[in-house]
Amino acid sequence: MFLAIEEMRQNKLRYGLILGLLILISYLVFFLTGLAYGLMQENRTAVDKWQADSVLVSSEANRLITASKIDAQLIDKVEADQKALIRQQAGVAYVKEDASSDDKEKVNIFAVEADSFLEPNIVQGRLYEKAGEIVVEQNLAQVEGFGLGDEIYLSGTDKKVTIVGYTDKAYFGVAPVVYMDLEAFGDLMQGDDQQVSSKLASAIIVRGAADKFPADLENVATADFIENLPGYKAQNMTFGFMIGFLIVISAIVIGIFIFVLTTQKSPIFGLMKIQGLSNAYISRSVLAQTFLLAGFGTVIGLAGTYLSSLGLPSAVPFENNWTFYLTIGAALIVFALLGASFSIRSIFKVDPLKNLS
């Protein structure tokens, strides 16, 4: 270790360039990981809040709540520990009636049964108590006109609704969720006969085992339901491959740099062998250098990612996950050591007799 540190002190610029490259690579990997995890969470956080074991949707909906419409009375035919109806509808929210597309916010409307486990937690304000009152995801508070007590429009109705509370971590399909009472949904939303609309639901959310349910419903485990969300699996696979390839590329890059440095130092290694230093000792020194460079580069890159996350606007779907970070950081170091291990072979080939002339 002493030899590795002393050599880096004597060649600050050379090793500084390698360290800078590793910092940039690790920063990119960590930042992409934060974006990938943030996007993943914005697809599913509202579903995670259900703490449900399964979702009963229409058997013709292909496991999609967005395509499911069921008779609300079917809940009486479901035997489960806990069960609740939900009505889901994608839409937009806006302040002015003649708002342009740029002034409209994409949202998902969740209409849930009163006093059920699906009711949102409140971080500010209060829960809705009557028709025309809604609770929205707290990040919408940063949009002008979406403050507590403000009246807004929702697509599907020409009536204004009032924001009375904020909830947190409520995203579905990468859009903030707007909550309202299930009965109020039937009274507000137009396009269907109100009597028919009030008798419809999108799904039945179940906690515990669904022991019995009608044949025209499909029981989907929550994990499978999330996995089947549009774009969710493809998005995660895309980011996974990107991050994996970046880790491999970083290993190749550092392996090339260490190999070039090792080759350039062949005469020095020859002198070391003449002085009695073994191949194993020199090899450990090269690996120690790689470990220090990769370790410092990973730590500084991670620190840079965290500091960057503090300054990002809330509209950016970024979220830190330290378990992922630690796993990826360890992978970066291990792969860097594997890349450097290929240069060790050149150390064993150095002939000390050539340095006697």
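This is a predicted model: local features need pLDDT of at least 70, side-chain atom pairs count only at pLDDT 80 or more; totals for chains, interfaces and linings use all residues.

Visitor: How many residues of strand S4 are buried?

Guide: Six of the eight residues in strand S4, which covers residues 105-112, are buried, so the strand counts as mostly covered under the cut-off of under 20% relative accessible area.

Visitor: And which strands does S4 pair with?

Guide: Strand S3 (residues 79-94) pairs with S4 in the antiparallel sense over eight bridges, while strand S10 (residues 175-181) runs parallel to S4 and is joined to it by five bridges. As examples of partners, valine 92 is bridged to lysine 106 in S4, and alanine 111 stands opposite methionine 180 in S10.

Visitor: Switching to the surface, which residues gather in the patch of negative charge?

Guide: That patch is formed by Asp53, Glu79, Asp81 and Asp211. Aspartate 53 lies in the loop between helix H2 (12-48) and strand S1 (54-58), and aspartate 53 counts as partly exposed because its relative accessibility is 44%.

Visitor: Okay, what about the backbone: which phi does arginine 63 have?

Guide: Arginine 63 has a positive phi of about 65 degrees although it is not a glycine, whereas most residues other than glycine have a negative phi. Arginine 63 sits in the loop between S1 and strand S2 (70-71).

Visitor: And where is lysine 169 found?

Guide: Lysine 169 is in the loop between strand S8 (160-167) and strand S9 (171-172), and has a positive phi of about 50 degrees.

Visitor: Is lysine 169 buried or exposed?

Guide: Lysine 169 is exposed, because its relative accessible area is 57%.

Notes: Residues are numbered from 1 along each chain as its sequence is written. Side-chain values use heavy atoms; hydrogens and water are left out. Patches are made of residues with over 30% relative accessible area and no salt bridge: like charges are joined within 9 Å, nonpolar side chains (Val, Leu, Ile, Met, Phe, Trp, Tyr) within 5 Å. Accessible areas come from the Shrake-Rupley method with a 1.4 Å probe; for residues, only the protein chains shown count as cover. A salt bridge is a side-chain nitrogen of Lys or Arg within 4 Å of a carboxyl oxygen of Asp or Glu. Lys and Arg count as positive and Asp and Glu as negative; His and the chain ends are not counted. The place of a charge is taken as NZ of Lys, CZ of Arg, CG of Asp or CD of Glu. Helices (H or I, at least four residues) and strands (E, at least two) are DSSP runs, numbered from the N terminus. Buried means under 20% relative accessible area, exposed over 50%, partly exposed in between (1.4 Å probe, protein chains only). Two strands pair if DSSP finds at least two bridges between them.
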